[in-house]
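Please consider the structure shown below.

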Amino acid sequence: MNTRVAHGKQGLLILSMALLVTACQKEDHSPGGETEHFEQVYSWKCSSGQNCQDVFDFVFKKGMKVDFRVSNVTDGSVAQIALYAPGVALGGTNLFTGTTKELLCNLQADCSKNQNGQAVTSFTIPTDGTYRFAVSRNWGYSCGSTGNYRLMVHSSQAFKFDRQTADDEIAAVTETQCL
């Protein structure tokens, strides 16, 4: 084999891998950094007959206007959401509803038609601190036991994604409401 060709292919492979790593780093949402836009695809796999939830911790500052979106919901899943203030336990007062119920709007009778998910836009953060954002899968309205969704959090000011604190755990809340 011609060594020039072999070195050329090896160099191209190294360059391709370096570009891939660089591109992946731009989309990295690992805990610790500040950003104005967080976006990631997650999934649920729920136990039979149970609402399950994923919970994410975000650090916000008072007065920030934040958009929360759960979209691209798949596999006949139905999403409901809640935002808990610093120090409030899951299942406590949901800042989106002002009650202990999770937000569930735009519900379609056919579970395969709920891909739009849920959204709260221009929500004003009431105080500095770590907020818990719960994305639950409603067992009663969903088909099957699995599904994916796209989580998007956007603000005009930088915030911090701290970490995911729950993955497919039994939801603290089963009741819902739409404002």
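Leaving aside neighbours within four places in sequence, S77 is in contact with W44, C111, N114, R137, S142, T146 and G147, where contact means heavy atoms within 4.5 Å. The model is a predicted one, in which local features need pLDDT of at least 70 and side-chain atom pairs count only at pLDDT 80 or more, whereas totals for chains, interfaces and linings use all residues. Residues are numbered from 1 along each chain as its sequence is written, and side-chain values use heavy atoms, with hydrogens and water left out.

S77 is placed in the loop between β3 (65-71) and β4 (79-84). Strands here are DSSP runs (E, at least two residues), numbered from the N terminus. With a relative accessible area of 1%, S77 is buried; buried means under 20% relative accessible area, exposed over 50%, and partly exposed in between, for a 1.4 Å probe and protein chains only. A polar atom of the S77 side chain lies 3.0 Å from the backbone oxygen of T146.

Attention now turns to strand β2. Strand β2 runs antiparallel to strand β7 (residues 129-137), to which 9 bridges join it; two strands pair if DSSP finds at least two bridges between them. Within this pairing, Q53 has S136 of β7 as its bridge partner. Strand β2 also pairs in the antiparallel sense with strand β8 (residues 146-170), over 7 bridges. There, V55 has A166 of β8 as its bridge partner. In a regular strand the side chains alternate between the two faces of the sheet.

The aromatic rings come next. Rings of Phe, Tyr and Trp (its six-membered ring) pair if their centres lie within 6.5 Å; planes under 30 degrees apart count as stacked, over 60 as edge-to-face and the rest as tilted. By this rule there are 16 aromatic pairs. One of them is the tilted pair of F58 and F161, at 5.5 Å centre to centre and 50 degrees between the planes. Because F58 lies in strand β2 and F161 in strand β8, this pair ties together parts that are 103 residues apart in sequence. F58 is buried at 0% relative accessibility, and F161 is buried at 6%. Both residues belong to one aromatic cluster, formed by F38, F58, F60, F68, F96, F123, Y131, F133, F159 and F161.

The structure holds 3 salt bridges, each a side-chain nitrogen of Lys or Arg within 4 Å of a carboxyl oxygen of Asp or Glu. Which residue does the side chain of R132 meet in a salt bridge? The partner is D57, at 3.2 Å from N to O. R132 lies in strand β7 and D57 in strand β2, so the pair ties together parts that are 75 residues apart in sequence. R132 is partly exposed at 23% relative accessibility, whereas D57 is buried at 5%.

A salt bridge also joins the side chains of R150 and E39 (3.1 Å, N to O). This pair links distant parts of the chain, with R150 in strand β8 and E39 in strand β1 (residues 34-45), 111 residues apart. R150 is partly exposed with a relative accessible area of 26%, and E39 is partly exposed at 26%. R163 forms a salt bridge with D162, the closest N and O atoms being 3.8 Å apart. Here R163 is partly exposed at 46% relative accessibility, and D162 is partly exposed at 21%.

Conventions:
Helix = DSSP H or I, 4+ residues; strand = E, 2+ residues; numbered from the N terminus. Polar contact = N/O pair within 3.5 Å; in protein donor to acceptor, adjacent residues only side chain to side chain.
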